[in-house]
Amino acid sequence: MTTVTGAFGNGLTTPVWVLQHLLGILGIGMWAGQAGGTAVWQVPAAAVTAALAAGFAAQMGLRLPYAGPGLAASLIVIGSLVALGVRAPAIVAVLVAAVAAVFHGHGLQGPPLYWAGFAAGLMLVACGGLGLSIAVTQAESSRGVRVCGGAVAVAGVLDLVGVI
């Protein structure tokens, strides 16, 4: 069995192994899928860029107050947007996704290869959320995607109260 190791491998797997990152970035991908149009690529790209910028800033010593509760709040906000089927203009969706992603990148540190792997992992997870949104909508209905968004919001509440 081959495993992904090293700095790149650690970065690549972080968005999958950390539940909050997985759910948050999947939620961002699902919301982008619901929005359609240019948001399909702009929202995930903004999220990845913001997460990387926040991680670099943290690595250089900039601290973000309330980063833990902010991470949980980002799950609640993104999950609620998906659950409610909110269709925001692309610029608003990009800004919301970027602010949410700041909390996903802030607590991480590593060498350049870690960041390359982390960016690739975030994009893969966001694309997974986008694909989930499209597949569930075509196979079932938009209600299925909304239920997934509700699950992300509930996970955010559970994280906020310390259950997960």
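## Overall build

Of the protein's 164 residues, 42% count as buried, where buried means under 20% relative accessible area, exposed over 50% and partly exposed in between, using a 1.4 Å probe and protein chains only. This is a predicted model, so local features need pLDDT of at least 70 and side-chain atom pairs count only at pLDDT 80 or more, while totals for chains, interfaces and linings use all residues. Residues are numbered from 1 along each chain as its sequence is written, and side-chain values use heavy atoms, with hydrogens and water left out.

The protein has 7 helices and 0 strands, giving the pattern α-α-α-α-α-α-α along the sequence. Helices (H or I, at least four residues) and strands (E, at least two) are DSSP runs, numbered from the N terminus.

## Size and surface

A compact globule of 164 residues would have a radius of gyration near 15 Å, and the protein agrees with its 15 Å. That radius is taken over C-alpha atoms, and the globule rule is 2.2 Å times the number of residues to the power 0.38. Along the principal axes, the C-alpha atoms fill a box of roughly 40 × 40 × 30 Å.

The accessible surface comes to about 8,000 Å², and 73% of it belongs to carbon and sulfur atoms; the areas come from the Shrake-Rupley method with a 1.4 Å probe, and for residues only the protein chains shown count as cover. Among contacts (heavy atoms within 4.5 Å) with a separation of 6 or more, 84% join residues 24 or more positions apart.

## The nonpolar core

Which residues have the most contacts inside the largest nonpolar core? They are I28, V43 and F118, in a core of 36 residues. Such a core is a set of buried Ala, Val, Leu, Ile, Met, Phe, Trp, Tyr and Cys residues joined through side-chain atoms within 4.5 Å. At least two residues of this core come from each of α2 (19-35), α3 (39-59), α4 (67-84), α5 (90-105), α6 (112-139) and α7 (142-160).

F118 deserves a look of its own. Leaving aside neighbours within four places in sequence, F118 is in contact with G11, L12, T14, P15, A51, L52, H104, G105 and L108.

At 1.5 Å a residue, the 21 residues of α3 should span 30 Å, and its end C-alpha atoms are 29 Å apart, which agrees; the expected span is 1.5 Å times one less than the number of residues. The buried residues of α3 include V43, A51 and L52, and its buried residues pack against α2, α5 and α6. Just after α3, G61 takes a positive phi of about 110°.

For α5, the 16 residues should span 22 Å, in agreement with end C-alpha atoms 22 Å apart. Its buried residues include A93, V94, H104 and G105, and their cover includes α2, α3, α4 and α6.

## G85 in its loop

G85 lies in the loop between α4 and α5 and is partly exposed, with a relative accessible area of 23%. G85 and W31 are 54 residues apart in sequence, yet 7.9 Å apart in space, C-alpha to C-alpha. Beyond neighbours within four places, G85 is in contact with Q34 and R146.

An unreviewed UniProt entry lists residues 12-33, 39-58, 70-103 and 115-136 as "transmembrane region". UniProt positions are given in the numbering used here, feature names are shortened, and annotations may be inferred rather than shown by experiment.

In the model, residues 39-58 are 100% helix and 0% strand, with end C-alpha atoms 28 Å apart. Residues 70-103 are 85% helix and 0% strand, and their end C-alpha atoms lie 6 Å apart.
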